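Me: Could you walk me through how this chain packs together? Here it is.

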Amino acid sequence: MNVWLQHFRKKHLLVLDNEAGELVADSSVPSHDSGIDLAAALGLLPVAARLCVVLAYQAGMSHGEIAAETGIPLGTVKSHIARGSARLRELLLRDYGGTS
């Protein structure tokens, strides 16, 4: 996921929305019509995995903080993040023509 984000930041396809405090697609750049975007890829993850991945990568929470906030056991949080990140990587690399 970090590689994907870096790719789009370098090409200025993602910008920081100061009001929302999150990355959004730059509306001045045409979107990748046939590819899957990060939001759609996240939507394909199971709910618990998606929650853990978003809290870890977007909110910057540690595994322990996620476990404390969600009530999900620490080992399960780690598994959700690892498996969710791997699935996102697989989906994004497939649709954007990258390799592992």
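Reply: Happy to! A nonpolar core here is a set of buried Ala, Val, Leu, Ile, Met, Phe, Trp, Tyr and Cys residues joined through side-chain atoms within 4.5 Å. Please keep in mind that this is a predicted model.

Me: Thanks! Which element gives the largest share of the largest nonpolar core?

Reply: That core has nine residues, among them Cys-52, Leu-55, Ala-56, Met-61 and Ile-66. Helix 3 (47–57), helix 4 and helix 5 (74–96) are the elements that give two or more residues to it. The largest share, three residues, comes from helix 3.

Me: Within what arc do the buried residues of helix 3 fall?

Reply: Ala-49, Cys-52, Val-53, Leu-55 and Ala-56 are the buried residues in helix 3. They line one face of the helix, because down its axis they fall within an arc of 170°.

Me: Is His-63 buried, partly exposed or exposed?

Reply: His-63 sits in helix 4 (residues 63–70). Buried would mean under 20% relative accessible area and exposed over 50%. His-63 has 31% relative accessibility, so it counts as partly exposed.

Me: And what is the C-alpha separation of His-63 and Ile-81?

Reply: Beyond its neighbours within four places in sequence, His-63 contacts Leu-74, Val-77, Lys-78 and Ile-81. Although His-63 and Ile-81 are 18 residues apart along the chain, their C-alpha atoms are separated by 8.7 Å.

Methods:
Residues numbered from 1 in each chain as written. Predicted model: local features only at pLDDT ≥ 70, side-chain atom pairs only at ≥ 80, totals over all residues. Heavy atoms only, no water. Helix = DSSP H or I, 4+ residues; strand = E, 2+ residues; numbered from the N terminus. Buried < 20%, exposed > 50% of the residue type's maximum accessible area, 1.4 Å probe, protein only. Contact = heavy atoms within 4.5 Å. Arc of directions from axis to C-beta.
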